[in-house]
Amino acid sequence: MTNDIPLHISIMHPALSPCPPPLSPSPLALPETGTVHLWQFDLDSVAASEQTLSPDEHARAERLRLPLARTRFIAARGMLRATLARYTAEQPAALRFHYTSAGKPALAGPRNHKLSFNLTHSHNLALLAVTQSARIGVDLELIADADYSTIAQQFFAANELHALNALPPNQRRAAFYRCWVCKEAFIKARGEGLNLALDRFAVSVTPDEPAALLHVAGDAGEARHWQFATLTPAAGFVAALCVERQATIESP
């Protein structure tokens, strides 16, 4: 059984200023259960410091061929460090990360082991989800002219594909993207990459259904342990948040 602790999603907008969130003398408060801080950044307007990045982050940036992609990666990692520093009361450059075998980062150090976070970005927009004592994933996509029908046939579970094709044609693209970000957010929350294939689990698809994990192949009880929220962080974008179940999600 799970605890009925209300989960509150606080939408944070530090990018209203071009500067990173300022450090404070004491760490930013985040209860151990029931709260998610969702930070939103415009990567083309923030002024995150490149000097705070680690050598491996600089190396990753240099491997990006397109200058705009490189600039946005640096901004995203700089804002990640500047924001997490508010919870740890450490300098951004002092933060250290370790990574799962699938590449999901976590803060190193014993005092940070309960802080969970996940970063996603698409084009100029980035979202950072932060919570305590629960695995978390967030995904963001710009709704575009992708061949969603072919992608769904390749990656969706059979019941997701059936639900998508049963919708009126003018609703299918938005429903596809909503389904896709939920699937990606779940994969990211688990931190296992594609060790669980996308067609081995199903999420809700139709617009009038709450976002939810419906089933995971081979694990009848897994769906009970996760909760979702879908968001429209900016015009033309769709996002999904997936958190280990501690409560019923309330509207932010």
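1. With a disulfide taken as a pair of cysteine sulfur atoms within 2.5 Å, the count comes to zero disulfides. Cys182 is in no disulfide, and the nearest cysteine sulfur, belonging to Cys179, is 6.9 Å away. Cys242 is likewise in no disulfide, the nearest cysteine sulfur being that of Cys182 at 8.2 Å.

2. This is a predicted model, in which local features need pLDDT of at least 70 and side-chain atom pairs count only at pLDDT 80 or more, while totals for chains, interfaces and linings use all residues. Residues are numbered from 1 along each chain as its sequence is written, and side-chain values use heavy atoms, with hydrogens and water left out.

3. Buried here means under 20% relative accessible area, computed with a 1.4 Å probe on protein chains only. Cys182 counts as buried because its relative accessibility is 1%, and Cys242 is buried with a relative accessible area of 0%.

4. Helices are DSSP runs of H or I with at least four residues, numbered from the N terminus. The axes of α4 (residues 158–166) and α5 (residues 169–190) come within 9 Å and cross at roughly 155 degrees, the axes being lines fitted to C-alpha atoms over the stretch in contact, with angles running from 0 to 180 degrees between N-to-C directions. The helix α4 is therefore roughly antiparallel to α5, a term that applies to angles over 145 degrees.

5. Where contact means heavy atoms within 4.5 Å, Glu160, Leu164 and Asn165 in α4 meet Arg172, Ala175, Phe176, Cys179 and Lys183 in α5.

Note on methods: Buried means under 20% relative accessible area, exposed over 50%, partly exposed in between (1.4 Å probe, protein chains only). Helices (H or I, at least four residues) and strands (E, at least two) are DSSP runs, numbered from the N terminus. Angles under 35 degrees count as roughly parallel, over 145 as roughly antiparallel, 65 to 115 as roughly perpendicular and the rest as oblique.
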